[in-house]
Amino acid sequence: MPQQRNWATETPKATNRLKAKFGAKKPGLPIGDGPGYSQTGTPRQTNRNRGLTGSGTARGSNNRGLYGSSTSSNGFSVNDAEEDEYASEIDFSESNVSDSEASESEASERFDDEYDASGRQSYTSNSVIEFTGMEEVQNAERKRQAAAMGTSTGSPQAPNRPGGDDLLRQYMGVLHGSGRGPAGMASSRDNSTRSREDDSSLNGMEGKISKGLSSHGRSDFILNQSMSDVSVGTRSTRQSRREAVMVAQRLNFLEDDPAEMTYSRQIALHLMHKYKWYNPRLGETHESFDECESSQLGGAFRTADGYPMRTVKPENPSLENAWAYFEHFTLTRYVYEPKPLTQKTRWERIVRKFQKGNKELERAERNENILPTKLYDPIWTPHNQLGDWGIGWGLYFASVRGVMVLCLVAGFCSIPNMIFFSSEAYSGGQEDAPPLLAASAICTDTDWVPCPRCAGLSRRQVPLERLAFVESIPLGRNLTFAMKNNCYGTTLQAGMLHFGILCVVLLGLFMLNRYLMMMEAIYDGDEQSAQHYTVVIKNPPDDATDTDEWRNFFLKNLGVAHVVAVTVSVDNDDLVKKIVERRENMKMMELLLDPGTVLEMNVLAGIAAKVDRTRGAMDSFVSLFLPGIPELFRRIVILTIDIRGLAQHDYPATKVFVTFETEADQRRVVEEMAVGKFYVQSDDKTVVKDPKYLFRGEHMLYVHEPLEEPNSYRWISMNERMVDRLWQQILTTIATMASIMLVAFIVRIVHDWSSLWSALAISLFNGAFPEFAKILVKFEGHSTEAAVQTSMYIKICLFRWVNTAVVITMITPFTNTLFPEAGGLITQIYALFFTEIFTMNVIQLSDPYGHLMRHFFAPRAKTQDEMNLQMKGLEVELAERYTNMTKIFFLALWYSSVYPFGFFMASFALFINYFTDRHSLMRTWKRAPPLGPGISEFSRRYFVTMSFLAMALMSSYFWASYPYDNLCPNDKPSPPVFWGSFNITRFSAPHEEIPVNVTDETISYRYCNQDMLRSGGRSFPFLPSQQPPGDEWMTEEQETVTAVYGWAAVGAIFFTLAVFVQGWVEQLQKFVWGETKNLMEDQRINFSDVTNISAYIPQVPSDVFSYPLFVCNMDDIGEEVIDWRDPRRPHAFYDLTKDAEKILEGIDIGDKVIFSQMKHWPPMMNNSASFDDSLLGRKMLDEEDLSDSDDSLDYEGGSKEFLKQMKQWSKN
């Protein structure tokens, strides 16, 4: 007999695809998100999603939900109280897998009737059955008994009714290899030997289980022990684990280990059961209510007005479920391998944490309820795993770490200058300076000198703090004195050392770029996304909206093995916006209505009119800002009319996404069809490698790899016109500039009052402006989240750079640059670093907004959706985090010549930000769309390069401006009227007297403008020759250093331009020639073997619903290519095309395509053919020879025995 393969453990993904086609449950779906399945092996029609809310008893046979209030089971549980119940329900007879074909025609007719009744069945149809994996246990028991009797496995006999321990043995056999279905049947001797070995290992395991463990403990021990014996190194192995756990027990999120919960959830669970002020529903009786009609009917139900609910359903939202949603959907988790607990000392645990620094973690699906998962640890998660949130986020943290190290190195290199500034040679040892300012260029060594002509100077020329007077009785007027700095910092040693630091920073930026390229390769190789398997066609013919046509084109002409999915995007942005808004407005109005209200337009019209008539003046005023029922109803009516009108237009195809089964196919397609956009626009077909690559024999295609992952595309603004987008960006840029000028004016006013408060105002404006930038960007149409983030990055970075560094420099008087007291430039820089390190991070860690939403508004929400929305966390923008990093780096470089200690402060600030952001990302922030490396590359090429340019320019300026007092000595001594001893008084402090002694040898001073930046004439480059004739102030060493820095600044400008031009040239090359090379290594993992992956499915995130809304028909899309699931409702509930079907009833739209098209072809088990629908899968089973005499493997990963079982299921 031919050797057979183990379908249950070799390629379980293939079996999952077959099961999905027959409606069987894909591993990872919550129980109840599909049809029920009785324990006797027969399908049973049950309402979908019953028993999933956690409030009350779960409904349906053992169909307890993933948010349920009791342990959910699928197959059997090892709980002692339930063993006999399950054992009595399990039917081990062979009637369900009989080879008799007598009822095939009857089963086929029944199947066809079901198919015709429901239309084209989706993969989640409730007319199909759920796979429990019990046949694995049956096969394991048969093999064990047959091997023990020394006979080969032939026609299996029905085993005796197993008890609880037998069930444990069967489950452990499946996990550890003793129960391998039809595999491993080469000889009876081999089977017998293997069974004895497996029994030996199982006996030891069962001995551990039976000693001192409760029923619940036994269940946990078996799950943990079995999972620790199966590696997660391969995708197929992980699927085997999922299959195995399906046999035993699904995870109940309400029974999470408290030690693995966030502190907020632990506190909430404690408070919600004790205090009514925290949980207003405390003590209320929770009743079970039926889910909406749409959920009960597979999600396809819609009222005549296109809404999935006929009436307003009463709800008892569960706060426990909402916290489970927060930790299992909002936050990101990873799959782990439970192991037996061992006692370790604190030191051993710390050492173990460091030893796991390079451990690979596998990101779990959202709401993963089969494999055990954990939250990522904010401290100990390996740095190499931060790409699990997207390459963009991983590169952000890598950039923070790289810039932090660069600042630290620059700080160590600056120590000699810090020593010089704090020495006696510079400023008398900085005796009165604060500790963190002693190593800066502040000047505490000053003298009051006669300045006869300084009385009429403006505050910008010399501020009042630096001027004093004494009344001269003989002259009858005041004598004016000015403060002179005795600090000459521009020495040859200090200047050239800093020039070396400038070179170190430049070298460090090159190394940072190389490091980030390396990390990009690591992050990209660690995560398999649809981007690696997909090509996008950006110029399809207008009428090329047939997904099958595109699939056949690539199969026939490119020789690809299999096309997994095709998505055709059409130019229907206006329609998508309006139908999304309509569904959201319907939901908001539902929340305002009483339970039991019929959601029909005529009924709603009457309610809206009644509310409008009975309103008072105050309610009418409030409705201008918070729309009520009348406003929502009127908007729904308008949107309905707009939708009916827009649906009568033709919408051309604009983009086509084609996803292949292998990376090799995708790369071959890109390489073969790579043609530059220039040639495509000019329709130059001579550059096409083969005429068969012309679509329909005449159309050149512009093909390349998608720039972003599926969830990063914005399907609501996918097709904005370039001209419209340009005007939008011009207007938002003008608004940004106006904001910068307004804030600069406010900071100037606050600065005149208090420099400390001006630093705090700058930090507050820096924190508030990103929210304003989000509002601006909403007026721009972008097709990807990367484009949104880039636009936001430019606006926020420009604002923060100007607000943080430039504004302070411009509003601070030039002569106060080295001023040691409040109002001095360096003291303000120190205050800025202090607020960046402490104030902003304390606010971020405390998360006041998130706690207010989760602990106050969530317990008072009326529905589960509303409660879940309060658990989504604070929305974070990657652009904002990048600008925060570049702002700190820019601040350190801008003032590096006068405050070298700022390098250390910047490094420490970035160190704090690194871990603060890790904590927020893993514990509080709303999950952001995964982004590619685009924003990192943009930041490195433009803004980091401009930071280096700013350092070169400002270093040249600062070194040229010493001693920052705007005083030049006269050629003759002071006038006799100044001779003598005086008690002078500052203009800014009339009650403070300062003793001064002037002799006939004391030199008087005059005003001279040392500020080259504000000189009014041509001053750049800052060279000694730019000094005003007769008012030269530079020393000889200063002139040498200034000349070096002046020309270095010119070189930095040319270097920056060269970097920019290089980027533009690369873009031009891609425009002309296209892009074919792929630097990432082929991981040789099939698309269908990646468990946590999403295809390019048109969907729109919603602020009203907990889950996204689909804007394409979901009937031909398998759940395995959707990376999220709602435990309460099927995916079809969120399908807005079904809303449109009802809205458009009575309108003849013919064969117009008004929504984007998407179709999914799960790979068959042996070749590149595919299941077109459930009927084709059944047809395949009908056409195969399933005789008992031949159990050979005809399909990869599947056996005849398994196909017979699948066929029997289809008949039932």
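Residues are numbered from 1 along each chain as its sequence is written, and side-chain values use heavy atoms, with hydrogens and water left out. Because the model is predicted, local features need pLDDT of at least 70 and side-chain atom pairs count only at pLDDT 80 or more, whereas totals for chains, interfaces and linings use all residues.

Secondary structure elements are DSSP runs numbered from the N terminus: helices (H or I) have at least four residues and strands (E) at least two. Two strands are taken to pair if DSSP finds at least two bridges between them. An open sheet is formed by three strands in the order 4-3-5, with antiparallel pairing. Strand 4 (362-363) and strand 5 (373-375) are the edge strands, each with a single partner strand, so one side of each is left without a neighbour in the sheet. Two bridges link strand 3 (residues 333-335) to strand 4 in the antiparallel sense, and Y334 lies opposite R363 in strand 4.

Strand 7 (residues 467-472) runs antiparallel to strand 8 (residues 477-485), to which it is joined by six bridges; E471 has N478 of strand 8 as its bridge partner. Strand 7 is also joined to strand 14 (residues 980-986), again in antiparallel fashion, by two bridges, with T985 of strand 14 as the bridge partner of F469. Strand 14 in turn pairs with strand 15 over six bridges in the antiparallel sense, and these two strands form a hairpin with six residues between them. Within this pairing, S981 is opposite N997 of strand 15.

In a regular strand the side chains alternate between the two faces of the sheet. Buried denotes under 20% relative accessible area, computed with a 1.4 Å probe on protein chains only.

In helix 22 (residues 663-673), the buried residues are E663, D665, Q666, R667, V669, V670 and M673. These pack against strand 9 (534-537), helix 17 (547-557), strand 11 (653-660) and strand 12 (703-704), contact being defined as heavy atoms within 4.5 Å.

The unreviewed UniProt entry annotates transmembrane regions, including residues 730-750 and 888-916; such annotations may be inferred rather than shown by experiment. Residues 730-750 are 100% helix and 0% strand, with end C-alpha atoms 30 Å apart. Residues 888-916 are 76% helix and 0% strand, and their end C-alpha atoms lie 15 Å apart.

Definitions and conventions: Buried means under 20% relative accessible area, exposed over 50%, partly exposed in between (1.4 Å probe, protein chains only).
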